[in-house]
Each structure stands twice: as C-alpha cells, then as structure tokens.
Amino acid sequence: MKVSILFIPIFLVPCLFAQSQVKIIDMHVHSYTDSDFGEREPASDYYGNKGSKNAEIHRQETVAAFKKWNIVKAMVSGNPQSVENWVTKDSNQRIIRGILMFAPSDYGIDSVKFEQLVKDKKIEVFGEIAPYYSGTTLSDSAWQPYLRICEKYDIPVAVHTGGGDPGGTYSWSPKARLRLGDPYLIEDVLVKYPKLRIYLMHAGGEDWPEHAIRLMAYYPQLYTDLAVMLWVEPNTQRYIKEFLRNAKEAGYLDRVMFGSDQMVWPYAIEKSVRFLNSLTFLTKKDKEDIFYNNAAKFLRIKN
Ligand SMILES: [Zn+2]
C-alpha cells in the first residue's frame with residue numbers, strides 16, 4: 001500500500017504542478033523565421049546554453065513552455081511573416097500579434113501600410129519597438145505617424161528600454177548607444193498621446209530602473225514588463241529584484257507585468273517563472289498580479 005502511494009504522486013507531479021502555477025500572460029515573446037533566426041543573438045547565452053536548432057523547433061519548444069507553465073496569452077513579436085506563422089499554428093488562441101521593429105521603415109512599412117495592418121487586425125500590439133538599436137528614440141518625428149494611429153485605434157505600444165546585447169554595437173546594431181535606452185526619452189510621447197496604452201519593456205534595464213519608477217509615478221497610465229532581466233544574467237536578476245522591491249514599496253507593483261523575452265532560448269521562460277516565484281518579498285497576490293492580473297487589466301482581457 002505504502003509503495004503504491006509513493007508511486008501515484010510521481011505520475012501526478014506534472015498535473016499537480018500545472019495546477020499550482022497561476023495563469024500567466026507573457027508580455028514579451030519573440031518569434032523568428034529561418035531568415036532571421038539567431039541573426040542577432042550570440043551562439044550561446046551567458047550560461048553557455050545554445051539556442052534552439054531552427055525557427056520551427058524554437059516555436060515548438062516555446063509553445064511547449066506555454067503549456068507547461070500555464071501561459072494562456074503571449075504577446076509575440078518578430079518579423080511579420082513569423083508572427084503570421086505562429087498565429088496559423090496557434091490552436092489555443094494564445095497569440096497576441098505584435099511586430100518587432102527597430103527603424104520606422106523596417107519591412108518596407110510606412111504609416112499607410114501600418115494603418116491597414118491595424119485595420120486588418122494583423123497588429124494587436126505595436127511592439128517590440130526598439131528604436132534603441134537603430135540609433136533613434138520613440139520621440140523622434142519618424143515614429144509619430146505610427147503613434148498617432150496607435151492612439152486612434154487604441155493599439156497598445158511596447159517600447160524597448162535599457163541597453164542591448166553586449167557586442168551588438170560592433171555587429172548587427174552599429175547605431176545602438178546605451179544612452180538611447182533611457183525611459184525619459186519617451187516622455188514626449190506620453191505627453192503628446194495621453195490616451196495611448198504603453199508599456200516599457202525591461203523596466204529601464206540595468207541602467208535606469210529609477211527612471212522607470214519615476215516615470216510610472218509621474219504618468220499613472222504607464223506600465224512596464226520585466227522581460228530579459230529575469231533570466232539573462234545574475235547581474236540583471238540583481239537589478240530586477242531591486243526594481244521589484246522598490247516598485248512594491250512605492251506602490252506601483254499593480255502596473256508591472258511578467259514577460260520572459262526568451263529570444264532563441266525557450267528554456268528562459270521556465271527560468272523566468274521560477275525566478276519570479278522564488279522572490280520571497282513578493283506575496284502570493286503580488287505574484288498573481290504580475291503573472292496575470294496586471295496584463296489582463298492593461299490588455300482589457302475580461303475574466
Ligand atoms: Zn525583446
């Protein structure tokens with residue numbers, strides 16, 4: 001009898017675990033096609049882990065992590081073809097369609113084409129928008145027609161803040177500069193488009209967590225995600241832990257959203273969830289809010 005009792009939990013472990021993980025909305029997931037898979041990322045991450053073998057395996061491994069960790073919605077950004085491919089294979093309506101853009105003219109898009117994409121519901125979130133990598137900021141004139149359309153159609157904006165990949169400036173993003181990741185550089189956008197739904201990605205990174213908090217204080221409509229900070233290096237984990245502690249103390253935790261930013265490493269989703277769960281200064285309610293409720297509020301998802 002005792003032996004069989006010992007056996008049962010082994011089989012039930014995956015089910016019990018899935019039940020114990022609260023629902024998650026991942027506000028920061030990346031998709032690829034083979035044309036850009038691994039083009040911007042190093043062969044191995046900080047810990048020596050290699051990325052997925054190719055774009056399709058990467059998609060499958062990411063979806064497996066969605067299932068394992070009770071991720072019910074995911075804001076997916078990548079080149080338009082990759083996002084479309086993920087949506088086509090998304091039997092659970094998990095995917096929220098984003099678009100990854102570094103420069104306002106990426107993929108040959110202009111404001112006319114963009115408005116059509118929005119009308120056709122091909123873009124549900126304008127992001128990840130990462131002007132940082134093209135040497136621009138979201139406040140620059142070239143981005144304004146897009147933001148006007150986002151405000152008009154109530155399309156949320158997701159903007160990269162903080163730095164980029166070490167070495168990127170010497171390879172794929174020669175115009176990237178650390179100073180361009182300062183959240184204060186989007187302040188003019190917040191002033192010009194007060195109705196715009198917008199969130200910072202990476203909470204100001206290692207460089208400006210305090211600017212992220214100050215901006216959230218000054219502009220109560222502003223949200224942030226946590227993203228790559230949760231997993232990519234012990235140093236970013238150190239910063240984000242401090243950010244969360246400070247955001248909690250300041251009373252702005254109700255605008256902080258989970259994001260994994262897995263890039264080519266789908267295992268990072270699990271690593272991010274586990275890291276957030278391990279933070280003992282956050283209550284069960286704090287974690288439920290960060291994992292699901294805050295994003296549901298931001299995205300206006302009912303239930
Ligand atoms: Zn990202």
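**Entry 1: Asn235.** I looked up Asn235 in this predicted model and found Asn235 in helix H8, which spans residues 234-250. Is Asn235 buried or exposed? I counted 11 other C-beta atoms within 10 Å. The cut-off for exposed is 12 or fewer, so Asn235 is exposed. I then checked Asn235 against Asp34. The two are 201 residues apart along the chain. Their C-alpha atoms are separated by 31 Å.

**Entry 2: strand S6.** I moved on to S6, residues 198-201. Which way do its side chains point? Ile198 and Leu200 point one way. Tyr199 and Met201 point the other way. I noted that all of these are buried. In a regular strand the side chains alternate between the two faces of the sheet.

**Entry 3: S6 and S5.** I looked for the pairing of S6 with strand S5, residues 157-160. The two pair in the parallel sense, over 4 bridges. Opposite Met201 of S6 I found His160. Next I traced the chain from S5 to S6. The chain passes through helix H6, residues 187-192, on the way. I recorded this β-α-β crossover as right-handed.

**Entry 4: S6 and S7.** How many bridges link S6 and strand S7? I found 2, again with the strands parallel. S7 covers residues 223-225. Here Leu200 has Thr224 as its bridge partner.

**Entry 5: recap.** I have S6 paired with S5 and with S7, both in the parallel sense.

Technical notes. Residues numbered from 1 in each chain as written. Predicted model: local features only at pLDDT ≥ 70, side-chain atom pairs only at ≥ 80, totals over all residues. Buried ≥ 20, exposed ≤ 12 C-beta atoms within 10 Å, placed from the backbone. Pairing = 2+ DSSP bridges. Right-handed = clockwise from strand over helix to strand, strands pointing away.
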